[in-house]
Structures are given as structure tokens and as C-alpha cells.
Amino acid sequence: MKQGFDVKVFAFKDDSQAGLGDVIGEALDSSILVIGASTYENELFPKIEYFIKLLAEKVNSEKPVLVISSYGWGPVAEGA
């Protein structure tokens with residue numbers, strides 16, 4: 001925001017989630033998408049994976065997308 005970007009934040013939590021139509025509408029008008037996602041069994045959290053696939057179908061594929069996620073517990077458990 002300090003650099004003049006109009007930032008929108010949408011949350012997908014266990015007890016509530018943003019409306020997919022609202023998020024897709026904002027994504028269509030955005031210049032870049034940044035998605036932060038937790039992992040589940042070393043994969044993207046299922047709700048976020050579904051959402052990303054839906055975005056890929058509905059939003060211009062030329063738009064830059066950054067997905068930030070954790071790698072998972074595999075290497076930590078393996079090294080123990």
C-alpha cells in the first residue's frame with residue numbers, strides 16, 4: 001500500500017471464507033495476484049488448491065501470480 005497499490009485481502013478460514021465471486025471479480029481487475037496458503041499433508045490446503053484452479057479458469061492466464069506457502073513438515077521430521 002505504501003507504494004500506491006490498492007490491496008485487497010480475502011481470507012479462507014475454517015469458520016468463514018470470502019465469497020468466490022467477490023474474489024474472482026477483484027482478481028479480474030488486478031494487475032497481480034499474491035496468494036498465501038498453508039499446507040496440508042505436504043500439499044496446498046485443499047480449499048486454496050480448488051480456488052487457484054478456479055482462478056486459472058476464470059482469470060487471464062497472462063496475469064502474474066505469486067503463491068507463498070510453507071513446504072511442510074517432511075524435511076524436519078526426516079532430519080529428526
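How many residues of the lining of the largest pocket are nonpolar, polar and charged? The views below lead to the answer, starting with the chain as a whole.

View 1. Welcome to a predicted model, in which local features need pLDDT of at least 70, side-chain atom pairs count only at pLDDT 80 or more, and totals for chains, interfaces and linings use all residues. Residues are numbered from 1 along each chain as its sequence is written, and side-chain values use heavy atoms, with hydrogens and water left out. Along the sequence, the elements follow the pattern α-β-β-β-α-β-α; helices (H or I, at least four residues) and strands (E, at least two) are DSSP runs, numbered from the N terminus. Of the 80 residues, 16% are buried (under 20% relative accessible area, with exposed over 50% and partly exposed in between; 1.4 Å probe, protein chains only). Among contacts (heavy atoms within 4.5 Å) between residues at least 6 apart in sequence, 66% join residues at least 24 apart.

**View 2. Strand β1 and its partner β4.** Follow residues 33-37 and you will see the side chains of β1 alternate. Five bridges join β1 to β4 (residues 65-69) in the parallel sense; strands pair if DSSP finds at least two bridges between them. Glycine 36 has isoleucine 68 of β4 as its bridge partner.

**View 3. The largest pocket, with about 780 Å³ of space.** Its 26 lining residues include Lys8, Val9, Phe10, Leu33 and Val34, the closest to its centre. On a 1 Å grid over the protein atoms alone, a pocket is an open set of points where a 1.4 Å probe fits, with protein on both sides within 12 Å along at least five of seven lines; lining residues have an atom within 4 Å of a point. Points are joined across faces, edges and corners, and the volume is the space filled by probe spheres set on them. Here is the answer to the opening question: the lining divides into 17 nonpolar (Ala, Val, Leu, Ile, Met, Phe, Trp, Tyr, Cys and Pro), five charged (Asp, Glu, Lys and Arg) and four polar residues (the others, Gly among them). Strand β1 gives the most to this lining, with five residues.

**View 4. Lysine 8, in the segment before α1.** Lysine 8 counts as partly exposed because its relative accessibility is 43%. Its C-alpha atom lies 9.0 Å from that of valine 23, 15 residues apart along the chain.
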